[in-house]
Amino acid sequence: VIEAMKEYGAVYFGAIGGCGPQIYRTAASGGWNAEDGVPYGLNLNTEKFTSETRFPNMNKLNVCILFGGMSPEHEVSLRSAESVLNNIDKEKYNIYPVGITKDGDWVLFKGEDYSMLPAGTWLEAEGNRRCAISPVRGQGLLCFEGDCVVRETIDVVFPVMHGENCEDGAMQGLLKLAGIPYVGPHVSASAVAMDKTLTKLV
């Protein structure tokens, strides 16, 4: 079981905040049975332990949709993100919608009604968790649950963001440090395109 956890990218933060074994997690699953030491929903006596039975979403890419931001165009981003989230293919991708408030807080949006974004009520969605993309390579998205930290593997980031601190190379620099592929131009191109004086010179 432990070898299977390692093979499929399970994470254990048992030493953080006294969380204990209940924070056995994988990017594609809901949890780990702390009492029996086996995955939820799996009978080791009758089921073959394969990626198909335990990890049905392993073939999907984990896509983080970034929206909001500390930008004068914050509200524009919320409308853009609503459209993207309503139209992205959930059969192909595992979606992690992450909003950044005007004050710079990062929040994993757990709601299912994406109209909450342009309505400005998305922070009130039940189950929202504070989070952050770690600049440390391989850490991905860190979500905070009380004193515990849960790591979600992210395959690609789609920044649906506009304006300062969003499309000027700042966010792109963070993602480059983190080693996470992302949609859009790289750091230098983003910075140059944001500064129209530099754009004309180039």
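Where does Ser77 lie? Ser77 sits in helix H3, which covers residues 74-87. Hi everyone, let me start from there and walk you through the structure.

Some ground rules before we go on. This is a predicted model, where local features need pLDDT of at least 70 and side-chain atom pairs count only at pLDDT 80 or more, while totals for chains, interfaces and linings use all residues. Residues are numbered from 1 along each chain as its sequence is written, and side-chain values use heavy atoms, with hydrogens and water left out. When I say helix or strand, I mean a DSSP run, numbered from the N terminus: H or I of at least four residues for helices, E of at least two for strands.

Back to H3, then. The helix has 14 residues and reaches 20 Å from its first C-alpha to its last, close to the 20 Å expected at 1.5 Å a residue; that expected span is 1.5 Å times one less than the number of residues. Ser77 has a relative accessibility of 0%, so Ser77 counts as buried. For the cut-offs, buried means under 20% relative accessible area, exposed means over 50%, and partly exposed is in between, with a 1.4 Å probe and protein chains only. Leaving aside residues up to four places away in sequence, Ser77 touches Phe67, Gly68, Val160, Met161 and His162, a contact being heavy atoms within 4.5 Å.

Which other residues of H3 are buried? Besides Ser77, they are His74, Leu78, Ala81, Glu82, Val84 and Leu85. An α-helix has 3.6 residues a turn, so residues three or four places apart point the same way. The cover over the buried residues of H3 includes strand E3 (61-68), E4, helix H4 (116-119) and strand E9 (156-159).

Glu82 is buried yet has no salt bridge, and the nearest side chain of opposite charge, Arg79, is 4.9 Å away. Here Lys and Arg count as positive, Asp and Glu as negative, and His and the chain ends are not counted. A salt bridge needs a side-chain nitrogen of Lys or Arg within 4 Å of a carboxyl oxygen of Asp or Glu. With residues up to four places away in sequence set aside, Glu82 touches Tyr114, Ser115, Leu117 and Pro118.

Glu145 pairs with Arg129, the closest N and O atoms being 3.1 Å apart. Glu145 is in strand E7 (residues 141-145) and Arg129 in strand E6, so this pair ties together parts 16 residues apart in sequence. Glu145 is partly exposed at 24% relative accessibility, whereas Arg129 is buried at 14%.

Arg129 also forms a salt bridge with Glu152, with 3.9 Å between the closest N and O atoms. That pair links distant parts of the chain, 23 residues apart, with Glu152 in strand E8 (residues 148-152) and Arg129 in E6. Through shared partners, Arg129, Glu145 and Glu152 join into one network. Glu152 is buried too, at 9% relative accessibility.

The side chains of Arg130 and Asp105 meet in a salt bridge at 3.3 Å, N to O. They are 25 residues apart, with Asp105 in the loop between strand E4 (93-100) and strand E5 (106-108) and Arg130 in strand E6 (residues 129-133). Asp105 is partly exposed at 33%, and Arg130 is exposed at 54%.
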